[in-house]
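Open your viewer and follow along. Each stop names what to select and what is there.

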Amino acid sequence: SSKWISGIASTVSPEESMALGLSPGAPVFRFQRIRHADNEPMAFEMSAIAGYCLPSADAVGDSLYSALDKAGSRPVRALQRLRAVPFGPDHAKMLGVDAGHAGLLIERRGFRRDGRAVEFTRSYYRGDAYDFVAELSDL
């Protein structure tokens, strides 16, 4: 399950501007949520959505991607970066672990079919709760 913490209209930050290819002052929608499994917090996500991709922050109900799909802006391609990070006090508190606890940060940039950026999402996953497996073929 997921619990939305916030969804607001704002202007792009310098980091978001670079990630989304938007000019300074461009509109964005910012969303924060905590993902749970068996009522345990597993991940904290922060998404910045380019303002041209949604009519309003209120357009998002249970699913961000469903709202993007309805608006004709669902990502069809994404680039992700995964790295280990120690949790600071704020993220640790939200995820029910001690500050300094090992976590995984996944940064994702999603793109529309026309190549324009839709989303810049940073997801902080508890390191003690995940085991990633990848299959490689045609090597």
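Start with Trp4. Trp4 is partly exposed, at 26% relative accessible area. Buried means under 20%, exposed over 50%, and partly exposed in between (1.4 Å probe, protein chains only). This is a predicted model: local features need pLDDT of at least 70, side-chain atom pairs count only at pLDDT 80 or more, and totals for chains, interfaces and linings use all residues. Residues are numbered from 1 along each chain as its sequence is written, and side-chain values use heavy atoms, leaving out hydrogens and water.

Phe31 is buried, at 3% relative accessibility. The Trp4 and Phe31 ring centres lie 5.8 Å apart with planes at 65°, so the pair is edge-to-face. Rings of Phe, Tyr and Trp (its six-membered ring) pair if their centres lie within 6.5 Å; planes under 30 degrees apart are stacked, over 60 edge-to-face, the rest tilted. Trp4 is in strand S1 (residues 2-11) and Phe31 in strand S2, 27 residues apart. Strands (E, at least two residues) and helices (H or I, at least four) are DSSP runs, numbered from the N terminus.

Now select the largest nonpolar core, with 22 residues. Such a core is a set of buried Ala, Val, Leu, Ile, Met, Phe, Trp, Tyr and Cys residues joined through side-chain atoms within 4.5 Å. Among those with the most contacts inside it are Leu20, Leu22 and Phe31. Helix H1 (14-20) and strand S3 (40-50) are among the elements giving it two or more residues. Apart from it lies another core of ten residues, including Ile34 and Val85.
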